[in-house]
Amino acid sequence: MENEFYNEHVKKALENISKGKTNESLGQLAASLYATSLLIPVIWDKAPKVNKEEQYVFEPNTRFQFPLVRNEQKNSFLILFTSMEEYKKTMNECNNITYKDAMKYR
């Protein structure tokens, strides 16, 4: 059930933003994010079932947690990946956590 995707245009826009926030670079990023798909990690408290189309099906009362990263200034950022390759590389460097573990840090 692996869905490979690559977002070179988003990666390029992010690189341009890191060089300097200009109206042009912000516009490029906004346009590339509008027209793409991103991978956002999520933790759930109940295991989903997989249907015949190989899609996850969750019970109605399933709770979800989107992990956030906080910087020294206490700003929170949503984690997202521009490709499955980036996700795998990062997740191999991290420990897997459970829903209960994540809720400790809310």
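**Reading contacts, helices and pairs**

Author: Contact here means heavy atoms within 4.5 Å. Before we go on, this is a predicted model, so local features need pLDDT of at least 70 and side-chain atom pairs count only at pLDDT 80 or more, while totals for chains, interfaces and linings use all residues. Residues are numbered from 1 along each chain as its sequence is written, and side-chain values use heavy atoms, with hydrogens and water left out.

Reader: Is Ala-13 buried or exposed?

Author: Ala-13 counts as buried, because its relative accessibility is 0%. The cut-offs are under 20% relative accessible area for buried, over 50% for exposed, and partly exposed in between (1.4 Å probe, protein chains only). Ala-13 sits in helix α1. Its C-alpha atom is separated by 7.3 Å from that of Ser-32, 19 residues apart along the chain.

Reader: What counts as a helix or a strand?

Author: Both are DSSP runs numbered from the N terminus: helices are H or I with at least four residues, strands are E with at least two. Here there are 4 helices and 6 strands. Read from the N terminus, the order is α-α-β-β-β-β-β-β-α-α.

Reader: How many Å should helix α1 span?

Author: The expected span is 1.5 Å times one less than the number of residues. Helix α1 has 12 residues (8-19) and should span 16 Å; its end C-alpha atoms are 17 Å apart, which agrees.

Reader: Which residues of α1 are buried?

Author: In α1, the buried ones are Val-10, Ala-13 and Ile-17. They cover an arc of only 60° around the axis, which puts them on the same side of α1. That arc is taken from the directions from the helix axis to the C-beta atoms. On the other side of α1 you'll find Glu-8, Ser-18 and Lys-19, which are exposed.

Reader: What do the buried residues of α1 pack against?

Author: They pack against α2, residues 23-34.

Reader: Let's do charges. How many salt bridges are there in the whole structure?

Author: The general idea is that side chains of opposite charge can pair when their charged atoms come close. The rule used is a side-chain nitrogen of Lys or Arg within 4 Å of a carboxyl oxygen of Asp or Glu. A search of the whole structure turns up 2. In one, the side chains of Glu-86 and Lys-11 meet at 3.6 Å, N to O. Glu-86 lies in helix α3 (residues 84-92) and Lys-11 in helix α1, so this pair ties together parts that are 75 residues apart in sequence. Lys-11 counts as partly exposed, at 25% relative accessibility.

Reader: Which residue forms a salt bridge with Arg-63?

Author: That's Asp-45, with the closest N and O atoms 3.2 Å apart. Asp-45 is in the loop between β1 and β2 (49-50) and Arg-63 in the loop between β3 and β4, so the pair ties together parts 18 residues apart in sequence. Asp-45 is partly exposed, with a relative accessible area of 29%, and Arg-63 also counts as partly exposed, at 46%.

Reader: Now the rings. How many aromatic pairs does the search find?

Author: A pair of aromatic rings is described by the distance of the centres and the angle of the planes. Rings of Phe, Tyr and Trp (its six-membered ring) pair if their centres lie within 6.5 Å; planes under 30 degrees apart are stacked, over 60 edge-to-face, and the rest tilted. The search of the whole structure finds 4 pairs. One of them is Trp-44 with Phe-58, edge-to-face at 5.0 Å centre to centre and 70° between the planes. This pair links distant parts of the chain, 14 residues apart: Trp-44 is in strand β1 (residues 43-44), and Phe-58 is in the loop between β3 (56-57) and β4 (64-65). Tyr-56 and Phe-58 are also an edge-to-face pair, 6.1 Å centre to centre with 70° between the planes.

Reader: Which residues form the aromatic cluster?

Author: Trp-44, Tyr-56, Phe-58 and Phe-64 form one cluster.
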